Amino acid sequence: MDSQLRSQVVFHLTGRVPDDAGAEQPLPAGLRPALLAQYRHLESIRHDFPVVFARGPGEYVVSLAAAVDGALRAAAPQGAQGEAMRKRALHTERLIRDAVAKGAGGTLLQAWDAAVASAGTDDAWRREMKIVRDALAVDGELAECDSRLPARFLRHAWAVVQREKVRAARSRIDALVLRLEAILRADYARSAVALQSANLQQTFGGTHQALFDFAKMSQLLSPAARQGGLDSSRRARIEWALRVLREQAFFPPPGDAGAQEASNDRFTFDNVPAALESYRNRLPDMLSLLKALHLAELEAEGQFVEQLHGPLFERMQSQDFTAADLQFFPDYLVTLGSDAPGVQADLGNALSSGMPVKVLLEVQDLLEEAAPGQGRFSFGMRGGQLAFMAMTFGDAFVLQSAASNLLQLRDRLQRGLRHAGPALFSVYAPADGESTLPGYLAAASAMQSRAFPAFSYDPGRGSNGATRFSLENNPQPEADWPLESLTYADQDLQAVTEELAFTFVDFLLADRRHSQHFAAVPRAHWGAGLVSARQWLESPPADPSTGLPFILAVDDADLLCRVVVDERMMRAAQRCREAWHRLQELGGIHDSRAEALLARERALWAEQRAVEAASLAPAVAPAAPGDQPTTAAAAAAAGASAAEAEEVPNPDTAYIETLRCSSCNECTLASPKMFAYDQNKQAYIVDLKAGTYRQLVEAAESCQVSVIHPGKPWNPDEPGLDELIERARPFL
Amino acid sequence: MSTASLCLHHLAEEHHALEDYQGGVPRWCKGCGDNAILAAMQRLCRDEGLRPEKTVFVSGIGCSSRLPHYMRTYGFHGIHGRALPIAEGIKLARPDLHVFVNTGDGDCCSIGAAHWIHAIRYNMNITVLLHDNHIYGLTKKQASPTSPIGTRSNTTPRGSYLDALSPLTVTLGVQNVSFVAQAVDWIPESLFQILTAAYRHRGFSFVRILQRCPEFVGSMFEPWVHDPQRMLMLTHADGTRISPALQKIYRNQLAHDPADINRAREIASSEDPIPVGILYRNPQVPCYEDLRGAGKLRTADQVRSALDGEFDKFTVWPQ
């Protein structure tokens, strides 16, 4: 073994360069996985970020690129002029992306104006950009994919859902208030007070008052006042419900943005105990409002029955709240850090409390060391475990995703926020400064490398795991690691294309804290003894010197290099892959139980086929399909014809085809003792002997749809039978 | 209304028998097909649990339009051809009511044709029953727009000259059509099923019911009444399914997906055999009352001031 290889083996096994190998070769500056080389200048790539948190109707969040595309579709004409406008708009978009990446805030329109101003160009340019600006269909705060994104994103999405809730709730409450007021007003209009002449006079305009004698009018109308009116208990109920509905504090008036924002703040928390306390304090008001709503709906429809509903309303308690009841009220939004002390217990309390809560779990560090330390990463175990734990509650919606993928998952996210029950959103956004990559790439590579895969568990989609659990949005979910092609120029400047896997160690490479686990290999030693990390993970060699794992990386100058990975990192990658396998099984991919069952069924099937083939071997060739019916078909046909034979009515017996009766009343009016209607108002013979054969034949003759069949006479002594039998013949 | 409220409402719900929906004694001619339509409607009201005080039948003029008198619900016997605008007004003012319209081939397809076309386009949530007997019966036999060519009547003693108008193909050709079905009075079970589906559809549900008039055109539908093979029963999981008992009588069946409007138009053009079932249904078509925001809340003061403003436009002030 040459000294260089020995030195690499020692590094791989111990994570240290041996003393006799001389100075440790430093890792090239700005090292990143080779597959990420093309994303070095992210601001020039039209990707999902920054996003715009839209204020108006339509999509609640869109990418900057989509917003500009929409404006250009609306504003840029076809042809060369339009093309020039598109180029300038895209340049402005790039300036905005650059500014936001550097920390600029504000709304899209503000950023647009700033970008146009900073470009310092001519008036024609400004005019064109003004046209595009006016065509922008959305405006709102811009947000980069950084550590603050999950909280901002979820708060915005949550606020949109709360706004919908407020609109629906206020519409229901306000309509009921109007209806209850109408009942009280109608009652007043009929009361003795309202019918006094002075009050009657007030209801008229001033112009024609002289034409009326209100005293006489009062005298004429006053008898109406004596015809009842609301009894005192109903009046008290209605007045109570009206008071509760008018004074409720859960739903501010629609359209009042300030009040809505203040209301949202009252339901937003950064710890579970405070949220739970607030929820407990509000329970009595929630109960009153629900009672008032139900009572008002019953009263408005005139359906309240004191004996039936009174006891129910008295016994109604907050413990009886259903998910639908709770869904009516605003949700609580709680933001937790995955590294906060006691987060696991707090989350369990929140999800099991019955509180309508949506929890954001911010995962900022996937590479935190497990308790014993020494490189045994938990890679998101806290966040991941909490998301798994939430699934065991059964009724909780769970979504896990990297921040980079939130835009793609916006519909799923909103579905979770609308879910009638608790929801947990576990989102990974790296802490600022820990990765050598920009926030978007760092988050995306966590998902790409299976370090923080996306999944969702939606109890609203069915009753079993197959329908509820989804691994969608993960790249190539069937594979252990996603494969992407990399094209580069070799030493002879020839294009080479390779299929590379993006593994957990690729993700690790970008973390500043773990650079000591990687060692660059000089080009002269790229030969034997090195295997790709993907191959190594598939079959780790027994002798390390026959297969040292490496990954391809690029430095600041985009020069390709190979980096050896130490064994602890590789073991971490193995554990990451195993965790991914468990998720795959949950998602029905490579399901070990299903595959075992399938193998067993296949073996059984093959066995049966072999037995059948052996038994058929000496027999004559089977008839061609269609020559004769199969045994089953023949049996079915025979059964059907037998059933038909059974059901053919006896022509000698009187009967009615009740199913075809068109309810024309002829027979039932002519012979009410003989014919009657069934529950669907179709005629049947209730008592044949209650009339004569003549009446029966006449009924058959008068039936417009000919469904009465008189059969044979039952009384041989009835006069004129020969003639009647002849008349009955067409109806037998 | 929430599920809990619905449960609380159900506590006090009264269950009605079919007879509870029976109003006055029908005064139709002997054997009239309208009786079957009345029976099916009463059955629908009973089985769907429609509260009589929340149900209204609106009609125009004609034999068919007598039906509201025979229902113990609210009713509005309107003027000739104007049942639909009246029904639309009721639905706009009282969206909580179940609104049904009974109209005839003369009432709907002749004098009321303009209202019919636009009612389809407006797609308001009402159920329309076109009692189509191919003749003006109340005025004792004049040709109607749906009378087959050659029909002899008081106004066409030498036989009518024009091909009959098809209410089905007309309806299927209008923008925003959302539900079209055809039933016949002499297959009551199918009639009931189709009316139920029409009632449950949210939108303008148009059901043409071929209805016998034994008094004036007694032989018009005889061949189809007495030969089940000349009836084409449309079946589909998303349409209506025929009961096993009925399947044995009406064996001529066709699987038709009500989402397929082009096929619906083809089937609607068939006069023999007569298709029976749901031809077209599209629940995605928006209802007019939803589009114009009829549910917008207005306080009593707002209503009063709006009415005062309107009245003031026409008031002649005394000098």
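I would like to begin with one pair of residues, B:Lys54 and A:Glu301, whose side chains meet in a salt bridge at 3.0 Å, N to O, where a salt bridge is a side-chain nitrogen of Lys or Arg within 4 Å of a carboxyl oxygen of Asp or Glu. Please keep in mind that this is a predicted model, in which local features need pLDDT of at least 70 and side-chain atom pairs count only at pLDDT 80 or more, while totals for chains, interfaces and linings use all residues. Residues are numbered from 1 along each chain as its sequence is written, chains are lettered from A and ligands numbered from 1 in the order in which they are written, and side-chain values use heavy atoms, with hydrogens and water left out.

Across the interface of chain B and chain A the rule finds two salt bridges. In contact, that is with heavy atoms within 4.5 Å, are 43 residues of chain B and 38 residues of chain A. Together the two chains bury about 3400 Å², of which 57% lies on carbon and sulfur atoms; buried area here is the accessible area (1.4 Å probe) that two parts lose on being put together, summed over both. Of the area that chain B buries against chain A, B:Leu8, B:His9 and B:Leu297 supply 16%, more than any other three residues.

Turning to the fold of chain B, we find an open sheet of nine strands with mixed pairing, in the order S2-S1-S3-S4-S8-S7-S11-S9-S10; strands are DSSP runs (E, at least two residues), numbered from the N terminus, and two of them pair if DSSP finds at least two bridges between them. The edge strands, each pairing on one side only, are S2 (74–77) and S10 (253–255) of chain B.

Conventions. Helices (H or I, at least four residues) and strands (E, at least two) are DSSP runs, numbered from the N terminus.
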